[in-house]
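Hi everyone, thanks for coming.

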Amino acid sequence: MKLKSTKILLLLLLSGMNVFAAEVVNLRCEHMESPLGIDAVSPRLSWQINDSRQGAVQKAYRILVSTDSIALLRGNANVWNSGKIKSDQMLVNFSGTLLKPFTRYYWCVEVWNQEGKSVTSSVTAFETGFMQTGLWKGSWISDGNDINYKPAPYFRKVVDVSKKVKSARAYIAVGGLYELYLNGSKVGNHRLDPMYTRFDRRTLYVTHDVTALLQNGKNAIGVILGNGWYNHQSTAVWNFHQAPWRARPAFCMDLRITYEDGSVETVTSGNDWKTSTGSVIFNSIYTAEHIDARLEQLGWNTTNFDDSKWTPATLRSAPSRQIVAQVLCPIRNVEEVKPQKVVKINDSTYVFDLGRNIAGVSQFTVEGAPGTTFRLKHGERLYPNGRVDLSNIDVHYRPNDDKDPFQTDIYILSGKGTETFMPHFNYKGFQYVEVACNRPVKLTQRNLTGYFMHSDVPSVGNINSSNPMLNKLWWATNNSYLSNLMGYPTDCPQREKNGWTGDAHIAVETGLYNFDGITIYEKWLADHRDEQQPNGVLPAIVPTCGWGYQWANGPDWTSTIAIIPWNIYMFYGDSKLLADCYENIKRYVDHIADLSPSGLTSWGLGDWVPVKSKSPVEFTSSVYYFTDVSILARAAKLFGKQAAYEKYSALTRKIKAAINAKYLNTETCLYGNGTQTEMSVALHWCIVPDELKNKVAANLAKRVEADHFSLDVGLLGTKTILNALIENGYADVAYKLASNETCPSWGWWIVNGATTLYENWPLDAKSDISKNHIMFGEIGAWMYKALGGIYPDEQHPGFKNVVLKPSFPDGLESFESSHQSPYGEIVSKWKKQNGTIQYTVTIPANSTATLFLPQSFGYALPEGAKKQQINQREEFISLKSGTYTFEIKPNPVKL
């Protein structure tokens, strides 16, 4: 029975058929759909109501959880029956009997609306994993070679299955990367599992449902291990080849088989497995992969293979004592990208152009004689002669010889007909692939396909406007965001692949408006907690082998520890990550306070890659210090820590006063030298005294106009410049800046063919010239906030109440935005026509909205909308769930 899609009509009887025309949908456990192998003892359960009627709300809910799906259909819950809870909450922690390891739990939820009528969801499920490390039965094994041995280790074992299988799960923990096979078939479609962590402090295991791959009789299990970040054999400036955890890849696996008769058998990894090597003769997560198809041992992962020449696996210690479930959206080959053209350079060299920049791999299919060697060089740029130029992305690579060329896969043919190659344990950033052969060859566009790889996070946002450049910019921003989401947020997918903290907190809102990324951020903030020093210091890149504790960190960068958990709370209404990081934020803030008793700190990198004007590091770092303390104070209040709330609230006042005393000229209302960064940072992060805010904002607008509506900011300024303008009534100025198509601007990149965001503003910059960087990516979030006007409400987070502040700037005729919030889809769209603006907004069931429109605008209230006065100059419109359309006249005359 396919319970996932089965409607539990029988449960309607529990409410006496008192139902309403709606659905309970999108049931999630730990923010995942039907997850396997979770370790949470009190997992989070969530749902939505699909009810488009105006004013639809949830008045009560009941959660039913059972190990028996059939019994659950009858309304019997042997694990948890919450009873009818009068609440509009749609994110609830499990509170039933103690969850057991390796157990499948079925659950559903019944909700009541404002009329007392109820509806029940379909049944879904979640499944526990080990729950505690001590339950592992397998041993950690490797092949006995040292860290410098290049070929990837292969492992195999044949097992007998003599009874009818009910279910089977493969639990596999790895130091490095892996691919798992059963009876010759690859298990699942994940790439680069498990995700990168600080391996000596936390190791992830992955759960696979392998029921369908097992057969009666003999079964062959095969595993290939890759180096990943665990055994970094390539050398670069970050010294990952000297990582304290570095070792030859190893794994531990329990294959747990449950039979129809109720018995359980566990097949484990151990020294009874056999190991050898195969066609993967070198792999590096950083550079590339080399494959010699002549060394492929055909059928190595099948039952009939002769493994008499293979050697026994060797036992190894675990990389860490903490083996925990990987519960996040996996990396996949998400999108196939066909070449737009191929150019023949000579008889043995061709250059393929995908037409867009991506992170991922290329798949190459070809025929040729044994020993024919192809070198596939991947890059973002071309030399004038048409060949691939790596000079913008290989600058931090420090090779010891020429055997590991950067971003260059090497394939050696077996000569056995048509052969297809794709890296197992690597990804790259590229638009172009130069294919060079050691002999003349004929190639066409059909020989190569690109695959865009990234954490496969669901899309939750969409934007469309009357400005084609703006639409392309939104798409390019998302391309860069996804290119830099590989189980953790990175800076670029080619030159570094590092988890740069500053890039990530600048782009977090862009990510959350567009993608359901909570599981990635929860994993990455756990990496932060692993990396934090006892005194509170965090490194500039996370994870790290030790690089970044002495340089590039500081509050302007490592504010990730506070800013990202706070944004997760704002977007999801889920305080778990904030609670998990509370003590870490406190330790971090306390350390800065000890170092900076005056309230000012110069610890940090500053406004990285500025256009021309440089802002004082002390100014920007002190503002971020203030922001971190402010988040800490609000978190303390949220968690009922009154003494801490008072302490850190006082500290925010001290820091703010110190910043203003040194950098604010109260007569001119300028900060520092009045640069775009200085002015906008002070405004956006709430440093400016209330009585001077209007004058400071006016000065910022004048500064932008004096700069000809061109950017004069770096990394930190791109976060604040557009937001500060829009938040203070300068929508037209902000839009002119955002839509500018001359250098320096986002639009300059787009009109010059960019399909991702760049690392520097001039196209001919001499340094910092990656063509796929997310650090200037706040523009994507700004579109939702400024033009769509969609903001979370701090008092009602998770879009329980939506704050709507749409802007209708000159030069833009229409704009549409939507965001799938925890309650459902929010839509905010408008169109100018015949002197009026038609504005339509949709608020999902069980949510509300507060709409702010300029008081000078005239409009009639649609049915269900209610205007409320704040004071003589401010008013807002209260909206219940539903769809509303306003006919707005942008003039002082009220309708």
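**Starting from one serine**

Let's begin at S818, which, with neighbours within four places in sequence left aside, is in contact with V460, G461, N462, Y784, E825, I826 and V827. By contact I mean heavy atoms within 4.5 Å. Before going on, a word on the source: this is a predicted model, where local features need pLDDT of at least 70, side-chain atom pairs count only at pLDDT 80 or more, and totals for chains, interfaces and linings use all residues. Residues are numbered from 1 along each chain as its sequence is written, and side-chain values use heavy atoms, with hydrogens and water left out.

Back to our serine. S818 sits in strand β39, residues 814-821. Is S818 buried or exposed? With a relative accessible area of 13%, S818 is buried. The cut-offs are these: buried is under 20% relative accessible area, exposed is over 50%, and partly exposed is in between, with a 1.4 Å probe and protein chains only.

**The whole chain**

Now let's zoom out. The chain has 15 helices and 46 strands. Those are DSSP runs, numbered from the N terminus: helices are H or I with at least four residues, strands are E with at least two. The radius of gyration is 29 Å, close to the 29 Å that the globule rule gives for 895 residues, so the chain is as compact as a globular protein of that length. That radius is taken over C-alpha atoms, and the globule rule is 2.2 Å times the number of residues to the power 0.38.

How many of the 895 residues are buried? The share is 63%. And if you take contacts between residues at least 6 apart in sequence, 75% of them join residues at least 24 apart.

**Aromatic rings**

Next, the rings. A pair of aromatic rings is described by the distance of the centres and the angle of the planes. Rings of Phe, Tyr and Trp (for Trp, the six-membered ring) pair if their centres lie within 6.5 Å; planes under 30 degrees apart count as stacked, over 60 as edge-to-face, and the rest as tilted. By this rule there are 54 aromatic pairs.

Here is one of them: Y196 and W229 have ring centres 4.9 Å apart and planes at 15°, so the pair is stacked. This pair links distant parts of the chain, 33 residues apart: Y196 is in the loop between β13 (185-186) and β14 (203-209), and W229 is in the loop between β15 (217-226) and β16 (250-259). Both Y196 and W229 are buried.

For another arrangement, go to W551 and W608. Their ring centres are 6.3 Å apart and their planes are at 75°, so this pair is edge-to-face. W551 lies in the loop between α4 (518-531) and α5 (555-558), and W608 in the loop between α7 (576-595) and α8 (617-638), so the pair ties together parts 57 residues apart in sequence. W551 is partly exposed at 47% relative accessibility, and W608 is partly exposed at 29%.

L715 is in helix α12, residues 715-727, and is buried, with a relative accessible area of 0%.

**Backbone details**

Last stop, the backbone. Most residues other than glycine have a negative phi, and most peptide bonds are trans. Where are the cis bonds I picked out? One joins D193 and P194, with omega about -15°, and P194 is in the loop between β13 and β14. Another joins V542 and P543, with omega about -5°, and P543 is in the loop between α4 and α5.

As for positive phi, F102 has a value near 55° and lies in the loop between β5 (91-93) and β6 (104-112). K497 has phi near 65°. You'll find K497 in the loop between α2 (468-483) and α3 (501-514), where K497 counts as buried at 0% relative accessibility.
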